[in-house]
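Have the viewer open and follow along from topic to topic.

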Amino acid sequence: MKNNVDLLVGAQWGDEGKGKVVDLLGADVDIFVRYQGGANAGHTVIADGEKVVFHLLPSGMLYPGKLCILGNGLVIDPEQFLKEIANLSEKQQDRARLAISPRAHVVMPYHKILDQAQEKARGKGRRIGTTGRGIGPCYVDKYSRCGLRIEDLLDADVLRDRLTPLLEEKNQILTRLYGEKPLPFDEVYEPARQWGKTLAPYVDDVAVLLRRAVDDGQHVLLEGAQAALLDIDHGTYPYVTSSSTSAAGAFTGTGLSPHDLNRVIAVTKAYTTRVGEGPLPTEDLTEAGETLRRNGGEFGATTGRPRRCGWLDLVGLKYSMALNGADTIALTKLDVLTGIGPIKVCVAYEYEGERLDRFPVSTRVLEAVKPIYETLPGWSDDIARCRTIDSLPQAAQDYVRYIEKELNVPVGLIAVGADRDQAINCGLLRD
């Protein structure tokens, strides 16, 4: 029997509109799974004209009767988790069931203070562009094998025993290295103990739940955060996030096997954006880039920071498609290009006078390249009401076909607006 597990990843530097694609797929999905990252991610879903932003919770929370899972690969900020649950409950939108892996690590207050202090200490020109949410320091503790996991919050005595030496060490670092005030034990322990009580009903062995679901033929959607070019191993290091954001991270972050996978859905915008520091070869600092930002509402869902905007980068996308083994593309925000013409597409880089067709390993090189563009005609007709590819203006159709040809991956979905129904199904969604 063919497996029924889909994996959705961002193909660029994040903010591609993954939440909208998850939401569109949702009616046919039984289980939604977040497998990496933390509250530094922001997925925006607009349903019935109302905007809902998820940071930790899977986007499937708006669907009644579904199961939403936070896998072991996440680092979970209990404060943010409980805030999101409360917000959904107030709006009567907490429609799905929830399960949290006991193996997921916990973002503690000292992680956030360390994150912000370390970023400040790096100084101008060396900053990574972190959100300051404690994600990196929490992953550091995970791999140093001294982190707290969700399971540790469930037993007050275990929590006390684990936290006591940890907090002593963190306070030494905070005070002596960064000049911060020490955190009193009870001010950390007591909230963490309460988190354990509140989270306990959600905790379950999600690896077992997922294995059972796959064996029963249920439709599982693995929902990635951030994007492949921010992957800790394969992205533009050090300007990356702290987890494995490419397709491979879905397996270490859930307990599923690569053999369980049906298809990889790569989400990409019709142009390129990036939040924070790091190279962005196609960034456009002219009026065209500002128009993309304004028309696309390009401001971070988590931080509100304006996103850097530029033209589609096929060099980075070809690398990403191969890295993730993409089977199909969900192309988002095509409508944002309406009225912007001609449209430029980066097909290669120039570096020290030579043409570079491959995405470089060196971030230093990527910072120095100049994009080599091809120019395509634009269109001026409003496409927000288009529901078939043939109903798009010819120039828009040609742009989509051009992307398919260059990436050698079919486009299965085209988003032509922010709302749930503003999409063209080219085979990604089931009838």
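What follows covers the cores, the aromatic contacts, the annotated sites and a few elements of secondary structure.

This is a predicted model, in which local features need pLDDT of at least 70 and side-chain atom pairs count only at pLDDT 80 or more, while totals for chains, interfaces and linings use all residues. Residues are numbered from 1 along each chain as its sequence is written, and side-chain values use heavy atoms, with hydrogens and water left out.

**Nonpolar cores**

- In soluble globular proteins, nonpolar side chains tend to be buried together.
- A nonpolar core here is a set of buried Ala, Val, Leu, Ile, Met, Phe, Trp, Tyr and Cys residues joined through side-chain atoms within 4.5 Å; buried means under 20% relative accessible area, exposed over 50%, and partly exposed in between, with a 1.4 Å probe and protein chains only.
- The largest nonpolar core has 53 residues, and Leu25, Ile76, Phe81, Met108 and Tyr110 have the most contacts inside it.
- Apart from that core lies another, of 39 residues, including Trp311, Leu331, Leu337 and Ala396.
- Contact means heavy atoms within 4.5 Å. Leaving aside neighbours within four places in sequence, the contacts of Tyr110 include Asp141, Leu148, Lys170 and Leu183.

**Aromatic pairs and charges over rings**

- Rings of Phe, Tyr and Trp (its six-membered ring) pair if their centres lie within 6.5 Å; planes under 30 degrees apart count as stacked, over 60 as edge-to-face and the rest as tilted.
- By this rule the count comes to five aromatic pairs.
- Phe185 and Tyr189 are stacked, because their ring centres are 5.4 Å apart and their planes are at 15°.
- Helices (H or I, at least four residues) and strands (E, at least two) are DSSP runs, numbered from the N terminus. Phe185 and Tyr189 are four residues apart in helix H7 (residues 185–199), which separates them by about one helical turn.
- Phe185 is partly exposed at 21% relative accessible area, whereas Tyr189 is buried at 4%.
- Trp379 and Tyr399 make a tilted pair, with 6.2 Å centre to centre and 50° between the planes.
- This pair links distant parts of the chain, 20 residues apart: Trp379 is in the loop between strand E17 (370–376) and helix H13 (394–407), and Tyr399 is in helix H13.
- Trp379 is buried at 6% relative accessibility, and Tyr399 is buried at 1%.
- A charge sits over a ring if NZ of Lys or CZ of Arg is within 6 Å of the ring centre and within 35 degrees of the ring normal. The charged end of Arg160 sits over the ring of Tyr189, 4.3 Å from its centre, and Lys344 lies over the face of Tyr373, 4.6 Å from the ring centre.

**Pro342**

- Pro342 is in the loop between strand E14 (328–332) and strand E15 (343–351).
- From Pro342 to Trp379 there are 37 residues in sequence and 8.4 Å in space, C-alpha to C-alpha.
- Beyond its neighbours within four places in sequence, Pro342 is in contact with Trp311, Thr375, Leu376 and Gly378.

**Annotated positions**

- An unreviewed UniProt entry places the feature "active site" at Asp15, His43 and Lys142. UniProt positions are in the numbering used here, feature names are shortened, and annotations may be inferred rather than shown by experiment.
- These positions span 128 residues in sequence, and the farthest two C-alpha atoms are 25.9 Å apart, so they do not all gather at one spot.
- Asp15 lies in the loop between strand E1 (5–10) and helix H1 (18–25) and is partly exposed at 24%.
- His43 is in strand E3 (residues 43–47) and is buried at 5%.

- Five of the five residues of E14 are buried, so the strand is largely enclosed by the rest of the structure.
- Thr328, Ala330 and Thr332 point one way from E14, and Ile329 and Leu331 the other way.
- Two strands pair if DSSP finds at least two bridges between them. E14 pairs in the parallel sense with strand E10 (residues 261–269) over five bridges, and Ala266 stands opposite Ile329.
- Three bridges join E14 to strand E18 (residues 411–415), also running parallel, with Ala330 opposite Leu413.
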